[in-house]
Structure formats: structure tokens, C-alpha cells
Amino acid sequence: MNNIINRKQIADGIHFSFISDSRYKVNRISVNFFSQLSPDAGVNALIPRLLSSSNRSYPERKALNEKKASLYSAKVDFNIGNIGDTQQLELFAVSIDNKYALSDDEDVTGEVVALLSECIFHPVLKDGLFRAEQLEEEKKALIETIEAEFNDKRDYARKRMYETFYEGEPAALNCLGTVEAVKSATAKAVTDAYYGLIESAPIEIFAIGCNDFKEISKRLKKVFGALKRSDIKQVQSLPGVIKDIPTEKIECFPVEQNKMVLGYKTKSSNYCACLVMAMILGGTPSSKLFTVVREKMSLCYYCWAAYGRDKCSMVIDCGVDGENTQKAKEAISAQLTAIAQGEFSEEDIMNAKMSIANTYKSYNDSPASIAGWYLAGIYRNDIKTPENALCDFEKVTKEEIMKQAELMTADTVYIIERHV
């Protein structure tokens, strides 16, 4: 199925994929480095921040911004995320296509690709290391981002739950790292990590837009093909390990309402049925958690469920009053049991599948979302169009949904209790 995205290997452990689509009026080219999540995640997370802020030709942020502005406000930026147990570091560029430039002889796309390449391969170094003042600036910005998660208690509760939910597994680690790890990161450690990614990380380059990408492919093959690569580090995600005894953890903060996050795991590989089941449970406004636990029983301010394919796990997130916490937990469990016993209708199944269809169809709305879709497919070795993937959901039966609910095993509960 690689022909869907025209994927080809251009160097050891480096692949280039592209989709040419006239619907898009811009071109987006991204370079994605994959690394197994580890305690060094914070060191790695500094790298795309440093690379996107300057390069040898434009050593200061202001100069680089002026160059991007001259290219019709082109964008060179970064994203940091994770797919299951794997950290994904993305550097990307977005620009208009040459045919939209004011002059026929302008090679906007080519210049932007050259700019992105220089950011990646020619960072500004001093004595062979990232500059101390630049590193401190990016460390401060990254720490502020990490600390912002603490300030959002709903987000913080999910992060803390994951630490226990996936204890001993890479997915327990924050893809941004910890404040302590970022503070202690030295210029040498970050520089060594940078060269480690260049030399041995799996790299996926993805281009999408209205360009035919023939010339871009040649340029990227020349640049990346010149790299000396060895010992390519393999990355993967494994299903979460189910605990023998469920774990419950409680923290106290001065919050207006309790935050409760419940984690369930399964050994099932039936992703489609698991997702439909999770949608019926708590993924739509007509779901059981919304209509019963929130509306009918008035036990939650919000309550939703989401299924994670890469770790075979389901997370339920809710906000509750302190006196209703235990009742809400029991009511949520009861709704999962009800689904396992077949207490849901064909309309419930239809609503869940329609919601999934709307989400999948939205992946085509932008170059960034469609690139994200296919990069995840490449990672999972399951490359399908969103439309083809939807066909698999249409086949999901009520019996399969019941079975997946039955196989879900309660694993972890994390609660933030209101404390004055």
C-alpha cells in the first residue's frame, strides 16, 4: 500500500513520502525523528526547539524570521509528541507553491526546503556545541511548557495517571521530559543527542501539497543520502502490561472539583471494535457516560472515554464533586458492564460509527492532519487511506463490541481531591 503515499527509501533508515493534491494551496514538508521514549526525552525535546530558531546562515532568530517573511511568510517550526512508547520530533516547513509567487522565476518551495535543511544540518555551534545562551533560552521555554501542564489540573491528572498506568514502560514518560532533566541538560548532552538522532534515528520525511515534489525529492535525497548512518535504532510500542491488582492514587490540590482518570487495558488486538465500544461508552454526546452518568445521575461535570490503539488501553476522564467520586467510579464501571451485557442499541452503534467517520474524514482537511495520519500508519506498518480504514469499522458487530467491553480490565485510578 506504499503507493498511496509514494514512499521510498532514500538512505539507511530514511524514507521520503509525498502526496500531491491540488486541493491544497500550500506545501508542507516535515522531517520526523523517532526515538524510544526514555529519561532523555527532555534532552531530545530541546533539539527541535534549537534547530528551528536559527541556522548557520541566519544565526539569530530575528534574521531567520526576516528570511521566512521574505519567502511569502513561510513557516519553519517544530512539534514534539509521542506515538505510544515512541517520541516523535518533527521539524517542518510550510510555504506557498512556486506557481503562486509573483514572479515566474521564483523558487519559493526550493528555498524553503533549503532553509529547513540548513536548520537541521547546520545549526549554530560554538566550539562544537550548541551555544550556551541559546540553550538556556530554549530550556526556559520548554520548562514553561512543562509547568503549564501542571497548572491545567485536568491535563496534569492525565499525565500523572499515565505514570502509574504505564509504570515501567516508555509511555509512562512525558514526551517533553521533566523540569529537572531539562534544567540539568548540558550543551554537550544536547549536542551528543542531536548527532545521535542524525546518525541513527529512524527518519520519515513527508511532503504534501500541490507540488509534484519531483525536484524536492531529488534535493532531499541528495542531502539526506550524504549522511553517514549506522546502527539504526528500532522503535516500537507494546500493549500495556495489565496489573495483577488495580492501583489507585490520590493527590490533594486546591481545585474547584475533583479530577478522576480511570485506565483500562485489554489484550485484544481488535482495534476497530475497541474504538466503537469506547465511543458508545463515552465518546459522543449520546454516549452512556454523557447521557446516564452525567445527565441522568448528575455525577460528573464532564465524563468521556478514549481508546488508544498503540497501547491497547482506554482512558476515562471526568470532573466530579468530592462526595460523588466513589459513586461516579461505580457508575462508570456499571456502564461498561452494561455494554458487555449488550445493553445498547443499533442507534448507539450507528452514532459511534458516524462520529468516527466524521473524525476520519476530517484528516483530509489540511496537509498537517493528513501527514499525521499517514505517519502514524507508517509507524504501525498499516498504511491505509482514511476512507479505506472506515470500511473496517462498518464491519464491526454488536457481538464484537460486547466482547471488547468484557475484555477491558480495570488497571489504574488517579484522583485529584479538592483540598482547601
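**Aromatic pairs**

Modeller: The count comes to 18 aromatic pairs, where rings of Phe, Tyr and Trp (its six-membered ring) pair if their centres lie within 6.5 Å; planes under 30 degrees apart are stacked, over 60 edge-to-face, and the rest tilted. Tyr 194 and Tyr 195 make a tilted pair, because their ring centres are 4.9 Å apart and their planes stand at 55°. Tyr 194 counts as buried, at 4% relative accessibility, whereas Tyr 195 counts as partly exposed at 34% (buried is under 20% relative accessible area, exposed over 50%, partly exposed in between, with a 1.4 Å probe and protein chains only).

The planes of Tyr 360 and Phe 393 are at 85° and their ring centres 5.4 Å apart, so this pair is edge-to-face. It links distant parts of the chain, 33 residues apart: Tyr 360 lies in helix α12 (residues 346–362) and Phe 393 in helix α14 (residues 386–394). Helices are DSSP runs of H or I with at least four residues, numbered from the N terminus. Tyr 360 and Phe 393 are both buried.

The charged end of Lys 153 sits over the ring of Phe 150, 4.0 Å from its centre, and over the ring of Phe 253, 5.1 Å from its centre. For this, NZ of Lys or CZ of Arg must be within 6 Å of the ring centre and within 35 degrees of the ring normal.

The model is predicted: local features need pLDDT of at least 70, side-chain atom pairs count only at pLDDT 80 or more, and totals for chains, interfaces and linings use all residues. Residues are numbered from 1 along each chain as its sequence is written, and side-chain values use heavy atoms, leaving out hydrogens and water.

Definitions and conventions: Helix = DSSP H or I, 4+ residues; strand = E, 2+ residues; numbered from the N terminus.
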